[in-house]
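Below is a briefing on selected features of one structure, grouped by topic. Please read it alongside the sequence and the coordinates.

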Amino acid sequence: MGLTQNATVVDDGLKSELSKKGIVVTTMNELYNWGRRSSIWPMQFGLACCAIEMIATACARYDIARFGAELFRASPRQSDLMIVAGTVTKKMTPQVVRLYNQMAEPKYLITMGACSIAGGPFIDGYNVLRGIDRFIPVDVHLPGCPPRPEALLYGLMELQKKIDSQVIEKTEWYQKGLTREFPIPELGPRGLVPKFNPEVWQPREVDHRKERYGQPIVIRRKAKAPDLDAAPAPPRPAAAKPQPTQPPKPTV
Ligand code: SF4
């Protein structure tokens, strides 16, 4: 049996008995994953209000250090977790993808908040990306506006479970010919080019929104906004005052 296989020859009952005597039985794979999941280094960057919750998670009350993930690194080269905390604008998207590309393998990504998952309250904004998963793969989606620090800790635990389930021999970053460089979009005059990475995300073939939510509410077109830069209008001439009329004289 290979050293890296998850299955052990020692059953759980015997393992537990041996651990009481101070003997630890494990596999190389378990040991490796235990080390990785207990020392996740997130990247130190935030995009909007969700980042405040992320910062709170690192403070004393919630203390992300309990999970070994307190070392927020200021460089993507030293990080293995990107937490996209906040609204991703189209202008910011190329930078986020570039930073993700610069992170060393194995790397993971948590999208924190409705904004980074799907645009959140700004979904109809012309400048907001409707989900970072259009360009880079996401491991954990964390909904909420904003998600509380407990939610981020829960997302981190889910990520730890994922790391625990990986097998060294099969993980993609140890395979030959791995190319994990994601194309960086460019911001053109009409938004991002391309609009999404088809290897990571594809639009739905059938749009079920009408069936689920009914007909969309159509809002009337807004009146044209006033031009604040226009020259001020000349003052109006004062209106002539009306002359008081004399009452008719009484006839005798
Ligand atoms: S999801 Fe809500 S709290 Fe988070 S960045 Fe968007 S608007 Fe702010």
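Pro 194 lies in the loop between β5 (191-193) and α7 (209-213); helices (H or I, at least four residues) and strands (E, at least two) are DSSP runs, numbered from the N terminus. The peptide bond leading from Val 193 into Pro 194 is cis, with omega near -5°. The model is predicted: local features need pLDDT of at least 70 and side-chain atom pairs count only at pLDDT 80 or more, while totals for chains, interfaces and linings use all residues. Residues are numbered from 1 along each chain as its sequence is written, and side-chain values use heavy atoms, with hydrogens and water left out.

**Backbone features**

- A cis peptide bond also joins Cys 145 and Pro 146, with omega about -5°.
- Pro 146 is placed in the loop between β3 (140-142) and α6.
- Asp 63 is a residue other than glycine with a positive phi, near 55°.
- The loop between α3 (50-58) and β1 (81-85) holds Asp 63.
- Asp 63 counts as partly exposed, at 28% relative accessibility; buried means under 20% relative accessible area, exposed over 50%, and partly exposed in between (1.4 Å probe, protein chains only).

**Ligand surroundings**

- The residues around the ligand are Ala 48, Cys 49, Cys 50, Gly 86, Thr 87, Ala 114, Cys 115, Pro 121, Phe 122, Gly 144, Cys 145 and Pro 146; a residue is near a molecule or strand if one of its heavy atoms lies within 4 Å of it.
- Cys 145 and Pro 146, which are joined by a cis peptide bond, are both among the residues around the ligand.
- By class, the shell around the ligand has nine nonpolar, three polar and no charged residues.
- In this classification Ala, Val, Leu, Ile, Met, Phe, Trp, Tyr, Cys and Pro count as nonpolar, Asp, Glu, Lys and Arg as charged, and the others, Gly among them, as polar.

**Aromatic pairs and charges over rings**

- A search of the whole structure finds two aromatic pairs. Rings of Phe, Tyr and Trp (its six-membered ring) pair if their centres lie within 6.5 Å; planes under 30 degrees apart count as stacked, over 60 as edge-to-face and the rest as tilted.
- Tyr 100 and Phe 182 form a tilted pair, because their ring centres are 5.9 Å apart and their planes stand at 50°.
- Tyr 100 lies in helix α4 (residues 93-102) and Phe 182 in the loop between α6 (149-164) and β4 (186-188), so this pair ties together parts that are 82 residues apart in sequence.
- Tyr 100 is buried, with a relative accessible area of 1%, and Phe 182 is buried, at 12%.
- Phe 196 and Trp 201 form an edge-to-face pair, with 5.2 Å centre to centre and 75° between the planes.
- Phe 196 is partly exposed at 24% relative accessibility, and Trp 201 is partly exposed at 21%.
- Lys 107 lies over the face of Tyr 100, at 4.7 Å from the ring centre; a charge sits over a ring if NZ of Lys or CZ of Arg is within 6 Å of the ring centre and within 35 degrees of the ring normal.
- Arg 134 lies over the face of Trp 201, at 4.1 Å from the ring centre.

**Helix α6**

- α6 has 16 residues and reaches 23 Å from its first C-alpha to its last, close to the 22 Å expected at 1.5 Å a residue; the expected span is 1.5 Å times one less than the number of residues.
- The buried residues of α6 are Pro 149, Leu 152, Leu 153, Gly 155, Leu 156, Leu 159, Gln 160 and Ile 163.
- An α-helix has 3.6 residues a turn, so residues three or four places apart point the same way.
- Gly 155, in helix α6, is buried with a relative accessible area of 0%.
- The C-alpha atoms of Gly 155 and Gly 119 are separated by 19 Å, and these residues are 36 residues apart along the chain.

**Other positions**

- Asn 29 lies in helix α2 (residues 28-37) and counts as buried, at 0% relative accessibility.
- Pro 250 lies in the segment after α7 and counts as exposed, at 76% relative accessibility.
- Pro 250 and Ala 231 are 19 residues apart in sequence and 56 Å apart in space, C-alpha to C-alpha.
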